[in-house]
Amino acid sequence: MSAVVLGTPRHRFAGAGAHPGGAVIVGFQDQGNLGMGYLASTLEKFDHPVELIEFRDPADVTIERVLAADPVVVGFSLIFQFYLPEYRTLIQRMRAAGVTAHFTMGGHYPSLCPEEVLELVPELDSVALYEGEYTLVELTAALRRGEDWTLVPGLAWTDDAGELVHSPDRGLAEHLDDLPLPMRFKEAERVLGWPTLPLLASRGCARRCSFCSIHTFYRGATGKTVRVRAAAKVAEEMEMLADTQNVRIFLFQDDDFPLAGRPGQRFVAELTDEIKRRGLHERAIWKISCRAEYIEPEMFATLRDAGMYLVYMGLESGSAEGLEVLNKQITTETNHYAVATLKSLGILVEYGFMLFDPSTSFGSIRENITFLRAILADGSGGAVFCRMLPYGGTPIRERLRAEGRLRGDVKYPDYDFLDPRLGTYHSLLDAAVSPWIHGAGLSHQLNWAWHEVFVIRRLVGELPGLAGFESDLAGLTVRSNEVLFGFVEETSAAFETGDSRMLLRHNLREPRRVLGDELVELRNDFVADNQDAMLDALMATDGIHGPVLMPQVF
Ligand code: B12
Ligand code: SF4
């Protein structure tokens, strides 16, 4: 399909006259969806009624709510492309139930692949491209007034001939602080009883990793790709959330927390000063995500002292070829150094890692395991890894398509490995280790326990028995990781020589059960011994009540 500017859509006018209805936004709400929050607060700022709905709520309930709200527009927020088929089912049911509102959809995949989305969900009237705050406000206003919505910048749709059409470009928000603060529409989730909310200090990323849709998303529209809020405004938002909702754990969802170069140093100095000036470092802790090359002891000690307790890094690969194909523009040495530095500062490390990528060979799998074994040798975290997936709008998807290796669909994007045996090996391995590394698998349970250790140390204090618990947890984590690493090493070597018996007849369930039981016992004992102290710390904060913990079941 070709793109032309301005055409004639099927329902160009919503109907004449003012309509009292506003907007409904439907989306995924785990951990609080900031995109929906910003869209909603901007609509409110311009006096448009708005309602937010979790897309996994029962369809009947959602449809009832939409019919009752009688909105002019229902906006679907698709942040994970693999939910598109479920969104389509809901959209079809809404139409069948008589919802006549304009249907639009926003997010990374719709912005980067609007033709695909409009083809897969023909019930949509439009797709909202890139940052959607002002597009949704203007779309809602046009529809409420019965005006021509195709004049609203930032939209795409298909005309009667099936051609993709789009209105003029909507630039990125220039100053993030001009946007209203995101609406907090869900009660804060809790970690050990401590209210936890996400927030943003910046948007965008200057890098170009081949598997990532973030840089293509922010480069797709005109304007500055990376924008950083004023440090004082960020601290002000944290303080407001701490005062009004007792938030004690903040999750910065910035794609790459602004640490780079001189501007990064300035931002860190200002933010940590503002946090300390408000005394927030004594009552709240926070997590960031960033690239490994920014990590050095001095800046990270400053960040830690202002409350930062956790850093997530996309390490992604332990092989030079893997890092190259992923265009990470980083070396394994830098990744090693970053992990070691953070550990030496007492900061919890979480990481993303792709055991499989389009360059994978049997040798690189074992190289990756050697890397993971080294960074987790002290048992500081449960091993997790995944396979790189070619998401819509990423450079790697176009490369795989050009090489004739792209497979799958929007829900299950896939590709052929260079060595065809790896496809089978990956499927068998994934089936065997999935209950260990995905969902609520053992590695995640271990990492959850590790997270609790760091939260307790920072928010409750050095409880008696915490160091012992930590040391037992490290021992258990080493043993759990070793089963996994050994399994991957042995099965990959055997499979390479044509022997798949170990993969087909593995017994990973038994060690997983034994280690899992041990973890539950260890954690429950620690909780039983310390829950009074943990509850006292929690209750000392006005307005926060227990329970501190739910017993861990496995
Ligand atoms: C926080 C986050 C999460 C959180 C929670 C998300 C939430 N509830 O919001 C958690 C930890 C749960 C998560 C998990 C995962 N995530 Co995630 N996550 C993010 C992250 C880093 C930030 C989201 C955010 O707050 N953005 C800031 C807001 C302001 O921007 P936004 O959401 O894009 O919304 C704006 C526009 O898109 C647009 N818009 C969005 N919706 C709508 C709707 C309408 C009507 C309109 C008009 C406009 C509009 O306007 C908004 C305001 O400007 C994004 C990266 C990113 N930059 O978005 C990845 C991202 C969304 N995650 C991604 C992935 C892959 C995952 C995981 C699969 C990772 C994994 N391997 O497990 C899981 C999947 C979880 C699941 N359901 O199974 C990918 C999705 C890729 C894709 N094409 O599908 C992203 C894009 C990162 C990437 N590297 O590419 N994630
Ligand atoms: S993976 Fe991280 S560093 Fe790479 S482009 Fe995406 S957000 Fe930036």
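Trp 194 is located in strand S10 of this predicted model, where helices (H or I, at least four residues) and strands (E, at least two) are DSSP runs numbered from the N terminus. With a relative accessible area of 4%, Trp 194 is buried; the term buried denotes under 20% relative accessible area, exposed over 50%, and partly exposed in between, computed with a 1.4 Å probe on protein chains only. Leaving aside residues up to four places away in sequence, Trp 194 touches Glu 189, Arg 248, Ile 249, Val 455, Leu 459, Val 460, Ala 537, Leu 538, Thr 541 and Ile 544, a contact being heavy atoms within 4.5 Å.

Residues are numbered from 1 along each chain as its sequence is written, and chains are lettered from A and ligands numbered from 1 in the order in which they are written. Local features of the predicted model need pLDDT of at least 70, side-chain atom pairs count only at pLDDT 80 or more, and totals for chains, interfaces and linings use all residues, while side-chain values use heavy atoms, with hydrogens and water left out.

Strand S10 (194–199) is also one of the elements packed against by the buried residues of helix H8, together with strand S13 (249–252), helix H9 (261–277) and strand S14 (285–289). Helix H8 spans residues 231–245, and its 15 residues reach 21 Å from the first C-alpha to the last, close to the 21 Å expected at 1.5 Å a residue; the expected span is 1.5 Å times one less than the number of residues. The buried residues of H8 are Ala 231, Val 234, Ala 235, Glu 237, Met 238, Leu 241 and Ala 242. These residues lie on the same side of H8 because they cover an arc of only 155° around the axis, the arc being that of the directions from the helix axis to the C-beta atoms. Asn 246 follows H8 and has a positive phi, near 55°.

Positive phi values are also found at Glu 316 and Gln 329, neither of which is a glycine. Most residues other than glycine have a negative phi. Glu 316 has a phi near 70°, belongs to strand S15 (residues 308–316) and is buried at 8% relative accessibility. Gln 329, with a phi of about 50°, lies in the loop between helix H11 (320–325) and helix H12 (332–344).

Ile 25 lies in strand S2 (residues 23–27) and is buried, with a relative accessible area of 1%. Its contacts, not counting residues up to four places away in sequence, are Met 36, Leu 39, Ala 40, Leu 43, Val 50, Glu 51, Leu 52, Ile 53, Gly 75, Ser 77 and Leu 136. Val 50 is 25 residues from Ile 25 along the chain, and the two C-alpha atoms are separated by 7.5 Å.

Thr 491, in helix H17 (residues 466–496), is buried at 1% relative accessibility. The side chain of Thr 491 is joined to that of Tyr 425 by a polar contact of 2.9 Å and reaches the backbone oxygen of Phe 487 at 2.6 Å. Asp 159, in the loop between strand S7 (155–158) and strand S8 (164–166), is buried with a relative accessible area of 18%. Its side chain reaches the backbone nitrogen of Ala 161 at 3.0 Å.

Of the 33 residues around ligand 1, Asp 30, Ser 77, Gln 81, Glu 133 and Asp 255 come nearest, a residue being counted if one of its heavy atoms lies within 4 Å. A nitrogen atom of ligand 1 is 2.5 Å from an N or O atom in the side chain of Asp 255. Helix H1 (34–45), strand S4 (73–77) and helix H7 (214–220) are the elements that give two or more residues to this shell. Asp 255 is also among the residues around ligand 2, which include Cys 205, Cys 209, Cys 212 and His 215.

Notes
A polar contact is a pair of N or O atoms within 3.5 Å; within protein, one must be able to donate a hydrogen and the other to accept it, and residues adjacent in sequence count only if both atoms are side-chain atoms.
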